[in-house]
Amino acid sequence: MFAARRAHAPGVLPQREQLLPNAVVGMLIFVMCEVMLFAGLISAFTIVRTSSIGAWPPPGQPRLPLEETAINTAALLLSGVLLFVAQRAFKREPERASRPLLWSILLGAFFVIFQGVEWVTLIGEGLTLTSSTHGSFFYLIIGLHALHAVVALVVLLYVWLRLVRSELVPTLFYGTQVFWYFVVGLWPILYLRVYL
Amino acid sequence: MRAYAKRWIPGVVLMLGVLAPQISEACAVCFSGRDENRLAFILTTILLTALPLIMIGGMLLWLRRRSVRQQLLMRDEPARLGR
């Protein structure tokens, strides 16, 4: 994925290539920390949920929209696939990566906007940060994921602009890609854990 | 006699307690009598313990595989180039 082999002069031993770009290693370490953050939150949510007596969500609290969020989940997963397509195209012909990358960003933006609309509806129905532990955990976990998605989208947009201007450094693209895959890969776990 | 008994009573109670062990829910946060909750504690403890090890181990293994593959490529390169 990241290999870039260099030709070497005759008689000179080939120089050992860098295994991974520094940007990717840094991003992987950062993502590991983020994984632990979300694992802690999911664990706390699981403990609170199993210790609650009676039904979950607590009585008087609205049910989370499963079907609508399933569509949103599909959009986010498709965004991840399109980013992969963009990366493959970038390796062969960088100019051809622009379109799948843009679609990936648009689908990610759709996900965030759709979630915003969902939140407005839920707040209207009485699910707030202080209405119950259900509401607190929902906004904390899902909100933190949304924050990650927004940051990743801003960086992806920057990557796209650099790509269109033919100024994109591959390591920037690869590092951002790792972060977006984390955002995409985490979401189905949150959906299964928090929504179902 | 009463002072002598007072000294021994706590010891006898402690011994009886040891002989009849029961689950003591001293910390409501860390333990619950509900099976579902207890299972959740065990599973999340396993998750939080194993996850960093799996991630770091997985990354090191992946890097090792990449390194071995790169070394093989470098070893074969002179032969491939006809030197």
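So, burial in chain A: of its 196 residues, 24% are buried, where buried means 20 or more other C-beta atoms within 10 Å of a residue's own, against 12 or fewer for exposed and partly exposed in between, with C-beta atoms placed from the backbone. For chain B, buried residues are 1% of 83.

Quick housekeeping. This is a predicted model, with local features needing pLDDT of at least 70 and side-chain atom pairs counting only at pLDDT 80 or more, while totals for chains, interfaces and linings use all residues. Residues are numbered from 1 along each chain as its sequence is written, and chains are lettered from A and ligands numbered from 1 in the order in which they are written.

Okay, chain A overall. We've got five helices and zero strands, taking helices (H or I, at least four residues) and strands (E, at least two) as DSSP runs numbered from the N terminus. Along the principal axes, its C-alpha atoms fill a box of roughly 75 × 30 × 20 Å. Take the chain A contacts with a separation of 6 or more: 75% of them join residues 24 or more positions apart. A contact here is two C-beta atoms, placed from the backbone, within 7 Å.

Now the packing. Helix 1 (residues 22–51) and helix 5 (residues 170–195) of chain A have axes that come within 9 Å and cross at roughly 15°. Those axes are lines fitted to C-alpha atoms over the stretch in contact, with angles from 0 to 180 degrees between N-to-C directions. So helix 1 and helix 5 of chain A are roughly parallel; the cut-offs are under 35 degrees for that, over 145 for roughly antiparallel, 65 to 115 for roughly perpendicular, and oblique for the rest. Residues making this contact include A:Phe38 and A:Phe45 of helix 1 and A:Phe179 and A:Phe182 of helix 5.

The other pair is helix 2 (residues 66–92) and helix 3 (residues 98–124) of chain A, whose axes come within 7 Å and cross at roughly 160°. Helix 2 and helix 3 of chain A are therefore roughly antiparallel. Among the residues in contact are A:Leu82 and A:Ala86 from helix 2, with A:Trp103 and A:Phe111 from helix 3.

Last thing, the chain pair. Chain B has two helices and zero strands. How many residues of chain A are in contact with chain B? There are 15, and they touch 19 residues of chain B.
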